[in-house]
Amino acid sequence: TTLLSYHWILAWIGLEINTLAIIPLMTKNPHPRAIEAATKYFLTQAAASALILFSSIMNAWLTGEWAINTNMNPMPMVLLSIAIAMKLGVAPFHFWLPEVLQGSTLQTGLILSTWQKLAPMSLLIQLSENTNLFLMMTLGLLSTMIGGWGGINQTQLRKILAFSSIAHLGWMIAIVKMSPQLSLLNFIIYILMTSSLFLLFMNLNTKNITELSSSWFKTPTLISLSLLTLLSLSGLPPLTGFLPKWLIAQELVKQNLNMFTFVILMSTLLSLFFYLRLSYVMTLTLAP
């Protein structure tokens, strides 16, 4: 509904259906951690939805337009950007994402990390022309840095993937105003690579780094291929994940944002550390 709608109320209804539909999947296993994760997810998404509804009503009041693709007033647009950032789990509104993923199963985590981000991301790309450049770049830089710092100390795979998601969203958010096409390309590649990693962990039935160390003996071929996926996710050339980062850095340099490009590229090294640690554990260590 959100992808196809041109009216704000329809887009909001689509987002609400999306949120409510995944909660039964999260609480399917009636464990206290799962219930806690579902509650946190519901409260965050409900707050973001309320903010989206408020900003769209405010925009309709100021401009007299309910259509999504019209020029928006700057004030409601800032509120809307913050609401979408909350829905996506972009820093500094990211606190719910690692906790919710940790409390969910790998199957639900896969849906949360990929499918649930489609609707808010499509809204943001549609509205890219109206977004506030300074706000988007600040959120993007914060996300790449927090995504890198947060993932370094983690041992749980779902939390590592959550921080990886935050870091990747940072790249998409930073460039969305200047080049929505690049943002979309990055999003598609992120979904493909994250899905393949989640499917690998589901196949191996592993939830933390220690369990991962014995996986080489189970399926050496699969582990060799997933090593490439991990390194691609970290953005190492000549793998696919390097392409969007390279193009985004190129676009930022074209806009004379050299210092910003340098900092965002340096923050990628933080993410690279925990991807390399996962790669090392998967392929080069023997289980005790």
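Hi everyone, and thanks for coming. Please keep in mind that what we have on screen is a predicted model.

Let's begin with the overall layout. The protein chain splits into domain 1, residues 1-131, and domain 2, residues 133-287. Taken over C-alpha atoms, the centres of domain 1 and domain 2 are 22 Å apart.

Now for the salt bridges. How many does the structure hold? There are 3 salt bridges in the structure.

Take Glu36 and Lys40 to start with. Their side chains form a salt bridge, at 2.8 Å from N to O. Where do these two residues sit? Both are in helix H2, which covers residues 32-63, and they are 4 residues apart, about one turn of the helix. Glu36 is partly exposed, with a relative accessible area of 37%. Lys40 is also listed as partly exposed, at 29% relative accessibility.

Lys40 has another partner, and that is Glu99. The side chains of Glu99 and Lys40 meet in a salt bridge of 3.8 Å, N to O. Glu99 belongs to helix H4, residues 96-103, while Lys40 belongs to helix H2, so this pair ties together parts that lie 59 residues apart in sequence. Glu99 itself is partly exposed, with a relative accessible area of 30%.

Then we come to Lys159. Lys159 makes a salt bridge with Glu99, and their closest N and O atoms are 3.5 Å apart. This pair links distant parts of the chain, with Lys159 in helix H8, residues 157-175, and Glu99 in helix H4, 60 residues apart. Is Lys159 buried or exposed? Lys159 counts as buried, because its relative accessibility is 17%, and the cut-off for buried is under 20%.

Through shared partners, the salt bridges join Glu36, Lys40, Glu99 and Lys159 into one network.

Let's return to helix H2 for a moment, where we also find Ser49. Ser49 is buried, with a relative accessible area of 2%. Which side chain does Ser49 reach in a polar contact? The answer is Glu16, and the contact is 2.5 Å. Leaving out residues up to four places away in sequence, Ser49 touches Trp12, Glu16 and Lys87.

Finally, let's look at where the domains meet. On the domain 1 side, 32 residues are in contact with 32 residues of domain 2. The area buried between domain 1 and domain 2 is about 2,900 Å², and carbon and sulfur atoms give 78% of that area. Which three residues supply more of the area that domain 1 buries against domain 2 than any other three? They are Gln102, Leu106 and Met121, which supply 23% of that area.

What about the polar side of this meeting? Between domain 1 and domain 2 the count is 1 salt bridge, along with 8 residue pairs in polar contact. Helix H3 (74-88), H4, helix H5 (106-113) and helix H6 (115-126) are the elements that give two or more residues to the side of domain 1 that touches domain 2. The residues on that side divide into 16 nonpolar, 13 polar and 3 charged.

That's my tour, and I'm happy to go back to any part of it. Thank you!

Note on methods:
Residues are numbered from 1 along each chain as its sequence is written. This is a predicted model: local features need pLDDT of at least 70, side-chain atom pairs count only at pLDDT 80 or more; totals for chains, interfaces and linings use all residues. Side-chain values use heavy atoms; hydrogens and water are left out. A salt bridge is a side-chain nitrogen of Lys or Arg within 4 Å of a carboxyl oxygen of Asp or Glu. Buried means under 20% relative accessible area, exposed over 50%, partly exposed in between (1.4 Å probe, protein chains only). A polar contact is a pair of N or O atoms within 3.5 Å; within protein, one must be able to donate a hydrogen and the other to accept it, and residues adjacent in sequence count only if both atoms are side-chain atoms. Contact means heavy atoms within 4.5 Å. Domain bounds come from an automatic or database domain assignment. Buried area is the accessible area (1.4 Å probe) that two parts lose on being put together, summed over both. Ala, Val, Leu, Ile, Met, Phe, Trp, Tyr, Cys and Pro count as nonpolar, Asp, Glu, Lys and Arg as charged, and the others, Gly among them, as polar.
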